[in-house]
Amino acid sequence: MAMDKECMLLLPSVCALLADSDKPLPDDTSLEKLLDRLTELSEAGVSLPESCPCLLDFLSTVTHNTTCDPSILSFALKLGGLMAATEDGFTAVQARSTLDLSFKVQHWQDAGLWEDPCVRIGWIHGFRRMLLHPKALFFFVLSDSTKPLLQLQRDASLFVASAASQLLAHILLTYQEEDGSMESQYTHVIQQTTDYMKASLLPKDCTQIAPSLQVLQLLAMILNRAGPPLRDQLLQAVAASLEDVVEVGYSQLTPALMDIIMSVYSSDKDEGAPHHAVSRLLSAMLNANKAADLLHAAAAFLHGGHHDPVNTTLAVKVLLMPLHVCTHNSLLATGDEHHVLTAAQLKSKSAFVSLICVSLRNAPQIALMPPDVLPCPPASIVLAVVSLLKACSGHHSSGCSDEAFRCLLASGKVQKCALEVLASLSSSPGANSTMKSVFEVLIQYMKNPDWDPTVLHKSYKAFIQWMNICTSFPQQLREDLMSTVQKRVCDPRWEVRDSSVELLGQLAGVLALKSEDLPSTSTPLLRAALQDPESYVRASVIAALARTLAPSWQQGAASHQGQADLVRRLLDILSEDTEGFARRAVVRYFISWFSSSPSSSPLLLDSVRRVLSLGSVDLDWEVKVHTLELAELLLDSVLSGRPGYGQNGGGRSYEPACALHTRTNGPGATLDAALGFLVDQGVISALLRCLVDCDRPVGLKASRLLISIRDTVCPLLADARDERTAVATCVSCVLPEEIRKMLERTPGDQDGDHRVGVCQVLTSLDLDQQSVLLSQSSDHVHNSFLSLLQDIMSTRAAHSHTDAGQEVVVDCY
């Protein structure tokens with residue numbers, strides 16, 4: 001990769017313009033774009049100092065010109081680091097005496113520019129790009145840059161502080177395995193870093209949490225990737241300070257402390273037991289005095305997935321305690337009770353609810369743990385969640401204290417969390433034994449019209465999850481469910497109606513796997529719901545109908561009047577509905593029908609023809625893409641197995657409808673029969689219309705499918721002795737107006753409004769070039785390096801001649 005000649009000629013002018021400027025560019029992203037282009041060149045192996053000496057001149061000029069705009073100074077610092085990212089480049093830049101001044105903090109402080117975060121970010125990013133080789137580290141240490149880098153860890157700008165942390169971590173991690181020649185420089189950086197951490201870890205008071213949090217996050221970032229020598233050095237230096245932080249007990253620091261512990265556990269997973277300092281720290285965390293800290297620490301440890309029997313057992317007991325206290329389902333043995341829930345915590349509903357939700361969210365993982373870790377059978381955890389849901393709905397059991405009951409009653413947060421957890425617990429051992437209790441509470445929740453729509457939606461999801469493990473659909477449960485859903489489908493809230501029809505579709509899919517059908521009342525219910533005023537609901541109804549009818553399609557059931565009426569209604573929606581959601585669902589419905597049906601009934605083929613005609617001219621690009629997917633199914637049905645089909649992106653792995661495939665591709669079937677079928681069904685017309693569509697994904701898919709047809713059908717034209725070829729040339733179609741106009745501009749293809757041979761059209765259109773162009777985004781035209789340089793020059797010129805109140809229109813990509 002190299003810079004083209006035009007760019008080489010223009011780049012010096014751009015550099016001179018930027019170096020001579022004391023004002024920012026009107027488009028403040030153009031400098032970043034320019035840096036991105038130069039970075040691409042550098043990463044491709046181009047030596048920027050050697051191939052673009054004007055960049056060296058630019059750096060030298062800007063470094064000495066303290067009146068430059070801070071954004072240009074920042075760009076220069078980043079560019080300097082980029083050019084010095086290789087040892088040869090570093091030498092070339094340093095030979096111009098540019099690096100020493102550019103990265104000397106005192107120089108920018110004296111000029112009053114260090115206060116601008118742009119300059120500080122440029123300094124950090126410049127070093128970040130440069131620090132990839134030993135010479136750069138020598139320079140960093142000799143210029144005493146560690147001290148300002150550590151000061152920037154607490155910068156008032158969060159962007160600067162974050163970038164500074166990333167740079168420090170990069171230095172420590174990059175050079176941890178370098179040879180002995182680096183040892184003194186590397187040791188110097190480590191020593192200064194650990195001194196800074198020890199001095200900053202312990203907050204002076206509750207108002208000074210932020211510096212401690214920043215150091216903890218930095219430490220976790222480094223420990224997560226550090227090797228044994230660096231990891232041990234850091235832990236040995238800060239272990240005592242970390243224990244002091246735990247003892248002080250600031251809850252805001254708990255997640256960061258657990259990140260450190262988990263980072264070391266992760267890095268030690270292949271080396272046996274974790275570092276002893278971290279074991280002590282974890283033990284302190286799991287014996288914290290604050291309930292929230294204790295639960296969050298236990299949850300973090302559990303999520304780490306580490307095998308530590310003692311701490312894992314303790315963490316499980318801690319996490320089950322809130323659920324045990326609320327439901328008294330004997331989750332914990334006598335004597336295992338922990339001081340996690342006190343009377344004071346029960347007085348705060350928000351704090352109590354937060355603890356319950358932490359306990360709940362960890363229940364599914366706990367239920368899957370080995371028996372030697374669990375204090376109770378997994379089924380007891382399921383029943384505890386059921387009891388919790390009953391308490392939320394007003395059932396006050398003897399095991400729940402009055403204080404806890406008041407906190408749980410009608411708590412939407414606990415309900416939503418518990419229902420999600422109940423859905424996940426369907427896969428836990430022994431879940432079958434709790435099924436009756438689970439379905440009872442779920443039906444109870446579905447029947448309550450006062451619940452929040454999200455609560456009802458999560459009840460439905462949990463119901464489906466438990467139906468997956470149910471061996472059959474009991475009659476009483478069927479009746480309870482359908483009577484409930486019939487009411488919910490008429491709910492004034494569209495979200496509830498939407499969830500209710502979705503439930504029927506999902507349940508149909510589950511029952512199909514068990515060779516069972518939905519109750520007979522479900523299909524009329526869904527058909528009536530097609531009239532729903534909300535487009536989201538109409539779309540969900542159509543999707544549910546497709547799932548509900550799929551078993552009859554797969555069995556090849558004959559068409560009946562009800563099916564014909566439904567088809568007419570769906571086609572009306574495709575042609576008339578003002579919302580794209582429902583129209584997309586209609587096309588997907590016919591895709592599902594065509595994919596599932598072993599035979600091609602006249603009703604299905606007539607419907608597909610109509611869908612292709614309507615869908616290919618729809619205003620919604622997703623409708624058109626789905627229409628092309630339907631067209632692709634027809635192509636697979638009639639062309640799969642023929643030489644050339646599917647070699648250039650058209651066609652997909654699909655078992656074609658048996659009857660249709662046999663008729664057009666079976667023994668004795670001629671090529672013209674297949675091609676004629678595609679023309680009659682409107683496949684060719686739909687593809688040609690979509691080829692010139694303004695939406696790129698539509699045109700791209702159409703071009704690939706047309707190429708697949710061309711490569712399957714047209715090669716036979718080369719053999720005039722083949723009798724079938726002569727017939728195939730007679731298969732013609734009427735061209736869409738846009739395609740006709742394109743061909744009229746091509747010599748020898750002026751056919752006016754006459755029918756044109758399909759192969760003549762496919763070979764006349766440059767489909768391969770069309771596909772290549774559509775595969776590229778518009779960036780390949782507008783986002784060139786030359787375009788960027790020209791924009792910078794033109795916008796700067798326009799800016800210099802524009803009044804302050806005028807708007808400058810920038811055409812940078």
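Which helices do the buried residues of H14 pack against? In this predicted model, where local features need pLDDT of at least 70, side-chain atom pairs count only at pLDDT 80 or more, and totals for chains, interfaces and linings use all residues. Residues are numbered from 1 along each chain as its sequence is written, and side-chain values use heavy atoms, with hydrogens and water left out.

The partners of the buried H14 residues are helix H12 (158-174), helix H13 (183-200), helix H15 (228-248) and helix H16 (254-267). Helices here are DSSP runs of H or I with at least four residues, numbered from the N terminus, and contact means heavy atoms within 4.5 Å. The buried set in H14 comprises Ile209, Ser212, Gln214, Val215, Leu216, Leu218, Leu219, Ala220, Ile222 and Leu223, where buried means under 20% relative accessible area with a 1.4 Å probe and protein chains only. Helix H14 covers residues 209-223, and the 21 Å between its end C-alpha atoms agrees with the 21 Å that its 15 residues should span at 1.5 Å a residue; the expected span is 1.5 Å times one less than the number of residues.

With a relative accessible area of 0%, Thr193 is buried. Thr193 touches Leu150, Leu168 and Leu172, leaving aside residues up to four places away in sequence. Between Thr193 and Leu234 the C-alpha to C-alpha distance is 9.1 Å, although 41 residues separate them in sequence.

A further packing pair is formed by helix H19 (residues 309-327) and helix H21 (residues 349-367), whose axes are 8 Å apart and meet at an angle of about 120 degrees. H19 is therefore oblique to H21, since angles under 35 degrees count as roughly parallel, over 145 as roughly antiparallel, 65 to 115 as roughly perpendicular and the rest as oblique. Axes are lines fitted to C-alpha atoms over the stretch in contact, with angles running from 0 to 180 degrees between N-to-C directions. On the H19 side, the contact involves Val316, Leu319, Leu320, Pro322, Leu323 and Cys326, while H21 contributes residues including Phe352, Leu355 and Ile366.

Thr327 also belongs to H19 and is buried at 7% relative accessibility. A polar atom of the Thr327 side chain lies 2.7 Å from the backbone oxygen of Leu323.

Finally, Lys458 sits in helix H26 (residues 453-468). Its relative accessibility is 17%, so Lys458 counts as buried. Lys458 touches Lys416, Leu419 and Glu420, again not counting residues up to four places away in sequence.

Methods:
Helices (H or I, at least four residues) and strands (E, at least two) are DSSP runs, numbered from the N terminus. Buried means under 20% relative accessible area, exposed over 50%, partly exposed in between (1.4 Å probe, protein chains only). A polar contact is a pair of N or O atoms within 3.5 Å; within protein, one must be able to donate a hydrogen and the other to accept it, and residues adjacent in sequence count only if both atoms are side-chain atoms.
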